[in-house]
Amino acid sequence: MSQPRDAAKVLDRDFLELRARILELAAAFDRIERATAGAAADRRREQLKQAVELLLSDRPGRAEAVQLHFSYEYDPQWREKFGLAARSR
Amino acid sequence: MTAYIDPHIHMVSRTTDDYKRMALAGCVMMSEPAFWAGFDRSGVEGFRDYFRQLTEYEPKRAGLYGIEHRSWLCINAKEAENVSLSREVIAMIPEFLDRPGVLGIGEIGLNKNTKNEATVFLEHLDLAAKTDELILVHTPHLVDKYQGTRMILDMFKGDSRITPERVCIDHVEEHTIKLALDAGHWVGMTLYPTTKCTPARAADMVERYGTERILVNSAGDWGHSDPLAVPEFIFEMRSRGHDESVIRRVVHDNPLAFFSLSRRFSYDPRQ
């Protein structure tokens with residue numbers, strides 16, 4: 001697996017596009033703020049803010065963390081709850 | 001131009017122009033899983049006609065543009081809520097399994113992770129195990145994906161008749177790819193606007209997890225989708241400086257390796 005790039009090259013290529021995406025996000029949050037002023041809180045608004053906070057982490061795997069943030073939890077007992085027993089190995 | 005294979009695209013929903021554009025972009029083969037038509041079919045005969053379309057008509061249409069066409073058969077997760085219809089369709093599938101372009105059972109999967117969907121999924125697994133077919137799996141969208149993927153992996157783990165390398169878990173993203181690879185399955189990354197993966201994120205995952213048992217596809221269908229998404233991935237990989245051999249492995253050699261596990265699969269590449 002080739003890994004030809006260093007950080008400067010990645011930034012050279014992606015900086016302007018990322019800047020534009022951050023601006024889109026900023027404008028979207030402003031839009032939500034204007035549209036919901038005085039209205040009851042919508043949990044999705046808080047969910048979006050929490051997702052942005054995940055981006056500020058110094059740990060790798062931010063995309064995975066954001067994905068999990070927007071996911072239902074897994075219940076290991078689901079088969080028992082559905083009455084669907086596993087085939088024995 | 002890199003010759004590529006799109007291992008998941010619904011050509012019954014695409015125009016002939018798309019075949020031509022894909023051929024011009026280097027597509028040499030595609031595989032087309034059975035899926036939801038955008039409405040629930042009224043009975044088993046609707047599926048019989050659909051399977052004829054997948055195994056008779058669509059290969060001829062692809063052939064006009066020099067593209068090899070393969071297919072997968074099943075009743076999809078959205079219509080699996082109708083368990084009695086699903087059972088009729090599953091009972092009818094063996095009529096088509098010996099047709100030369102059929103690769104296996106797919107795209108079976110979950111949609112909203114319900115008991116009925118899981119019941120029909122398990123009955124598809126039973127058919128695949130008894131007939132020794134490859135399996136292509138649709139994983140749910142968005143909020144349901146992580147939970148549904150874990151449930152699907154549980155069901156494979158619970159059936160010792162099915163070996164993991166004969167299964168492709170499709171539509172993986174950052175939070176599900178490692179789970180499926182660690183379980184020994186092939187994985188598909190679907191390059192699809194908004195609800196799945198972009199070419200850049202797919203390239204990120206190849207950089208992180210390598211090229212082994214990884215496929216990329218467009219899942220082009222009747223919705224907002226791009227039948228040239230695989231060439232977009234090729235372009236992204238190339239622009240990052242990846243070797244042509246790495247790109248070719250993901251978009252050509254890997255799909256061939258997976259398809260070759262089907263006893264009916266044969267392919268004579270153009271010289």
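How many residues of chain A are in contact with how many residues of chain B? In this predicted model, local features need pLDDT of at least 70 and side-chain atom pairs count only at pLDDT 80 or more, while totals for chains, interfaces and linings use all residues. Residues are numbered from 1 along each chain as its sequence is written, and chains are lettered from A and ligands numbered from 1 in the order of writing.

The contact joins 21 residues of chain A to 27 residues of chain B (contact: C-beta atoms, placed from the backbone, within 7 Å). On the side of chain A that touches chain B, helix 3 and helix 4 (78–82) each supply at least two residues (helices: DSSP runs of H or I, at least four residues, numbered from the N terminus). Helix 3 of chain A gives the largest share, four residues. By class, this side has 11 nonpolar, four polar and six charged residues (nonpolar: Ala, Val, Leu, Ile, Met, Phe, Trp, Tyr, Cys and Pro; charged: Asp, Glu, Lys and Arg; polar: the others, Gly among them).

Helix 3 of chain A (residues 62–69) also packs with helix 2 of chain A (residues 43–55): their axes come within 9 Å and cross at roughly 165 degrees (axes: lines fitted to C-alpha atoms over the stretch in contact; angles: 0 to 180 degrees between N-to-C directions). The two helices are therefore roughly antiparallel (angles over 145 degrees). Helix 2 of chain A contributes A:Gln50, A:Ala51, A:Leu54 and A:Leu55, and helix 3 of chain A contributes A:Arg62, A:Ala65, A:Val66 and A:His69. Five of these residues are nonpolar, two polar and one charged.

Definitions and conventions. Angles under 35 degrees count as roughly parallel, over 145 as roughly antiparallel, 65 to 115 as roughly perpendicular and the rest as oblique. Two residues are in contact if their C-beta atoms, placed from the backbone, lie within 7 Å.
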